[in-house]
Amino acid sequence: MKTYTIIRRPADESWQDVPALQLSECLWLPPAGIAMQAQVCYDDAALYVRLSVREPHIRAEHKTPGCMVCEDSCMEFFFCPANGDDRYFNFEWNPNGQLYLGFGPNRYDSVRLLVQDEQALFDPQPARFDGGWELTFRVPVSFVRRFVPDFALTPGKTLRANCFKCGELTPQPHYYSWNPVASETPDFHRPCDFGQMILQ
């Protein structure tokens with residue numbers, strides 16, 4: 001199991017000093033020339049996530065909330081907000097800033113969430129660069145408390161989490177993850193395979 005330290009958000013709100021984790025696990029299909037990293041930091045009000053990827057063929061067809069962004073070039077952040085509870089949020093984003101969001105203990109019992117104030121709440125900021133794209137967003141504590149009322153971000157807290165990259169209908173379909181996934185067929189929805197993210 002891999003671990004990652006989540007530092008407090010820098011005062012200047014820059015990502016320069018936030019540690020990055022690499023998605024080095026290539027799963028189920030041959031390598032596709034993908035290099036993705038994720039950075040996570042926090043303050044008392046929210047988690048802040050920055051996902052960045054270099055990929056040769058970017059697909060960005062989906063343009064409506066709640067659509068199957070996993071068919072596009074897609075970066076994902078999954079995390080369990082409560083210890084001893086396998087329920088997790090799956091934040092899945094495409095380059096258009098479109099979100100597929102769910103909450104539950106596995107892919108079959110997960111509930112898709114359509115959040116009315118999604119843009120204001122999560123503040124997604126997608127951007128393209130030469131050879132890739134990135135997206136930053138936040139996960140407010142107030143949002144998580146709708147599902148886990150006693151959720152708080154405090155030093156020493158451990159979140160079980162994983163980060164993923166996929167592109168099911170891209171010119172070269174692919175699946176990558178931060179922590180290994182022990183499934184013979186594509187399935188990111190396995191909290192038993194999540195790593196640990198520890199708040200500093």
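**Reading cavities, pockets, cores and cysteines**

Colleague: How many cavities of 30 Å³ or more does the structure hold?

Modeller: One cavity of 30 Å³ or more is present, and this is a predicted model. The volume of the largest cavity is about 40 Å³.

Colleague: Which residues line the largest cavity?

Modeller: The lining consists of A32, I34, E55, P56, H57, T170, Q172 and H174. By class, three of the lining residues are nonpolar, four are polar and one is charged.

Colleague: Turning to open space, what is the volume of the largest pocket?

Modeller: The largest pocket has about 350 Å³. Its lining has 20 residues, and M68, C70, E92, R107 and H189 are the closest to the centre. Strand 6 (74-80), strand 7 (88-93), strand 8 (99-104) and strand 9 (111-112) are the elements that each give two or more residues to this lining.

Colleague: How does the lining of the largest pocket divide by class?

Modeller: Ten residues are nonpolar, four polar and six charged.

Colleague: Which residues lie nearest the centre of the second largest pocket?

Modeller: They are R9, W15, Y48, Q125 and T136, out of 14 lining residues. The second largest pocket holds about 250 Å³ of space. Strand 11 (residues 132-140) gives the most to its lining, namely three residues. The classes there are seven nonpolar, three polar and four charged.

Colleague: How should I read a nonpolar core, and which residues touch the most other members of the largest one?

Modeller: The general idea is that in soluble globular proteins, nonpolar side chains tend to be buried together. Here the largest nonpolar core has 50 residues, and F79, F91, F143 and M197 touch the most other members. Strand 5 (residues 46-54) gives the most to this core, with six residues. There is also a second, separate core of 15 residues, with L27, C67, F188 and F194 among them.

Colleague: Which residues does F79 touch, leaving aside those up to four places away in sequence?

Modeller: F79 touches L47, R87, Y88, F89, F91, V139, V144, L159, R160 and A161. One of these, F91, is also among the residues that touch the most other members of the largest core.

Colleague: Next, the cysteines. How many disulfides does the structure hold?

Modeller: In general, a disulfide is a covalent bond between the sulfur atoms of two cysteines. The number in this structure is zero. For C41, the nearest cysteine sulfur is that of C163, 13 Å away. For C70, the nearest is that of C166, 5.5 Å away. The cut-off for a disulfide is 2.5 Å between sulfur atoms, so C70 is in none.

Colleague: Is C41 buried or exposed?

Modeller: C41 counts as buried because its relative accessibility is 2%. C70 is buried as well, with a relative accessible area of 10%. C70 is also one of the residues closest to the centre of the largest pocket.

Colleague: The last topic is backbone angles. What is the phi of W28?

Modeller: Phi of W28 is near 70°, which is a positive value in a residue other than glycine. W28 sits in the loop between strand 3 (25-26) and strand 4 (35-42). With 27% relative accessibility, W28 counts as partly exposed.

Colleague: Where is D123 found?

Modeller: D123 is in the loop between helix 1 (118-122) and strand 10 (125-129). Its phi is near 50°, again a positive value in a residue other than glycine. D123 counts as partly exposed because its relative accessibility is 29%.

How values were computed
Residues numbered from 1 in each chain as written. Predicted model: local features only at pLDDT ≥ 70, side-chain atom pairs only at ≥ 80, totals over all residues. Heavy atoms only, no water. 1 Å grid on protein atoms, 1.4 Å probe; cavity = no way out; pocket = protein on both sides within 12 Å on 5 of 7 lines; lining within 4 Å. Points joined across faces, edges and corners; volume = space filled by probe spheres on them. Nonpolar A, V, L, I, M, F, W, Y, C, P; charged D, E, K, R; others polar. Buried < 20%, exposed > 50% of the residue type's maximum accessible area, 1.4 Å probe, protein only. Helix = DSSP H or I, 4+ residues; strand = E, 2+ residues; numbered from the N terminus. Core = buried A, V, L, I, M, F, W, Y, C linked by side-chain atoms within 4.5 Å. Contact = heavy atoms within 4.5 Å.
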